[in-house]
Amino acid sequence: MGERADADGGSTYRTFARRMLRGEPDLTTPEVAERTGLSTEVVRGFWRSLGFADVPDDVPHFTDDDVALLRQLVELFEDGTLGMAAAQSLVRAQGHSADRLALWQVEALVEDAVQRYALDDTSARLLVLDRVARLAPVLEQQLVHTWRRQLVALLGRIDRDVALAHAPPVPDADQLPLERAIGFLDMISFTERSARMSPGELAELVQGFESAARDTIAGYGARVVKTIGDAVLYVADDLRTGAEVSLALLEVMGTRGFEVRGSLVWGRVLSRSGDVFGPSVNLASRLGDVAPPGAVVLDDVSAALLEARDLAVRLTPERPVAVQGLGVIRPVRLARALPDAEAVAPTR
């Protein structure tokens, strides 16, 4: 398909690109290297870290803004504020997050155009191409504000973690640094169900599941770590919140027609690249695999800790199961406490 022409004879895309990049890209990789004092290989490394393919040395592809941003990182490296590995990690985080964000935003705009104007996918994308220039400044402002909010929230959690770390007892230096409640939620029979769906129905299913999960998790002060189509991994700062989130997720998903199961584990984790790692994460994943439909299960240790929190829940031991790599697991089913009248009612 050919590019659409705008009023001055250029394509809509090229006009938008010039506006977003604040000029025509006119610098090659060697020229960027010369202006930043870096080798061409290091420049290529940063460009790859952003998530982009290598650019031939004789192709003008970069702007003065690319040079300025790279120079900022070089200055932080030269004055000792950052190590080179940390600088590249920051660039990689920005590239990965921005790629996901831009894709999510554009797909949301396309879906909106399809639904509101009864367009086919190609026509909807052409409409987005025409309109995104007007929306871009708003999206940019919201991104900066949201990032500021997220950074403040994260530093607040770090501040609390540091305060707890200096209170007795002091954790073993060999332990993973963060104590968290790790939760998994998984849609049951997703593969079989999705195989019978049209692309539109599948998109609606996944979006409905993710939206319900994200809104519920955030509403209780927990955080989504990642979603994988039919599953979501989340963390909470304390076990009580994790339990409340788990029970709320079961209820919300049930009302929206999603058959799910999940798990919850209290343990220590390592946080890197926006993800969490550690034996507790592995345990939560395996527990989710053995949970009964419509239920959330904990390991027996986490269940005992939750019981000590005096939360209004019911904890029912399930049959022990042998799991490869973890040995025998003793799942404990989590549910809301029965009302007093129901709890003492005689059986017939």
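The protein chain holds 12 helices and 10 strands. This is a predicted model. The chain has 348 residues, and 33% of them count as buried. The notes below move from the whole chain to single residues.

**Overall build**

- The C-alpha atoms fill a box of roughly 80 × 55 × 35 Å, taken along the principal axes.
- Take the contacts in the chain with a separation of 6 or more: residues 24 or more positions apart account for 63% of them.
- The protein chain exposes about 21400 Å². Carbon and sulfur atoms supply 55% of that area.

**Charges across the chain**

- The chain carries 38 positive and 51 negative charges.
- The mean positions of the positive and the negative charges are 4 Å apart.
- The structure holds 16 salt bridges.

**The R22–D65 salt bridge**

- R22 pairs with D65 in a salt bridge. Their closest N and O atoms are 2.8 Å apart.
- What does this pair tie together? R22 sits in the loop between α1 (12-21) and α2 (29-36), while D65 belongs to helix α4 (residues 64-78), so the bridge links parts that are 43 residues apart in sequence.
- R22 has a relative accessible area of 66%, so it is classed as exposed. The cut-off for exposed is over 50%.
- D65 has a relative accessibility of 26%, so it counts as partly exposed.

**Helix α1 and the residue after it**

- Which residues of α1 are buried? T12, T15, F16 and A17 are buried in this helix.
- Buried means under 20% relative accessible area.
- Just after α1 comes R22, with a positive phi of about 60°.
- R22 takes this positive phi although it is not a glycine.
- The loop that contains R22 runs between α1 and α2.

**A second residue with positive phi**

- S273 is a residue other than glycine, and its phi is positive, near 55°.
- Where does S273 lie? It is in the loop between β4 (260-272) and β5 (275-277).
- Is S273 buried or exposed? Its relative accessibility is 79%, so S273 counts as exposed.

- R125 and D121 form a salt bridge, with 2.8 Å between the closest N and O atoms.
- How far apart are R125 and D121 in helix α6? They are four residues apart, so about one helical turn separates them.
- R125 is partly exposed, because its relative accessible area is 35%.
- D121 is also partly exposed, with a relative accessible area of 41%.

**A network of salt bridges**

- Elsewhere, salt bridges that share partners join five residues into one network: E41, R44, R48, D54 and D57.
- One of the pairs in the structure is D54 with R48, whose side chains meet in a salt bridge at 2.8 Å, N to O.
- D54 has 42% relative accessibility and so counts as partly exposed.
- R48 has 39% relative accessibility, so this residue counts as partly exposed too.

- Which residues make the nonpolar surface patch? They are W147, L151, L154, L155, I158 and V162.
- The patch covers about 540 Å².
- I158 has its place in helix α6 (residues 121-165).
- The relative accessibility of I158 is 40%, so I158 counts as partly exposed.
- Residues in such a patch need over 30% relative accessible area. I158 has 40%, so it passes that cut-off.

- S89 is part of helix α5 (residues 84-117).
- At 38% relative accessibility, S89 is classed as partly exposed.
- How far apart are S89 and R330? In sequence, they are 241 residues apart. In space, the distance is 39 Å, C-alpha to C-alpha.

Definitions and conventions:
Residues numbered from 1 in each chain as written. Predicted model: local features only at pLDDT ≥ 70, side-chain atom pairs only at ≥ 80, totals over all residues. Heavy atoms only, no water. Patch = residues over 30% accessible without salt bridge, like charges linked within 9 Å, V, L, I, M, F, W, Y side chains within 5 Å. Areas by Shrake-Rupley, 256 points an atom, 1.4 Å probe, with all protein chains shown as cover. Salt bridge = Lys/Arg side-chain N within 4 Å of Asp/Glu carboxyl O. Helix = DSSP H or I, 4+ residues; strand = E, 2+ residues; numbered from the N terminus. Buried < 20%, exposed > 50% of the residue type's maximum accessible area, 1.4 Å probe, protein only. Contact = heavy atoms within 4.5 Å. Lys, Arg positive; Asp, Glu negative; His and termini not counted. Charge placed at Lys NZ, Arg CZ, Asp CG, Glu CD.
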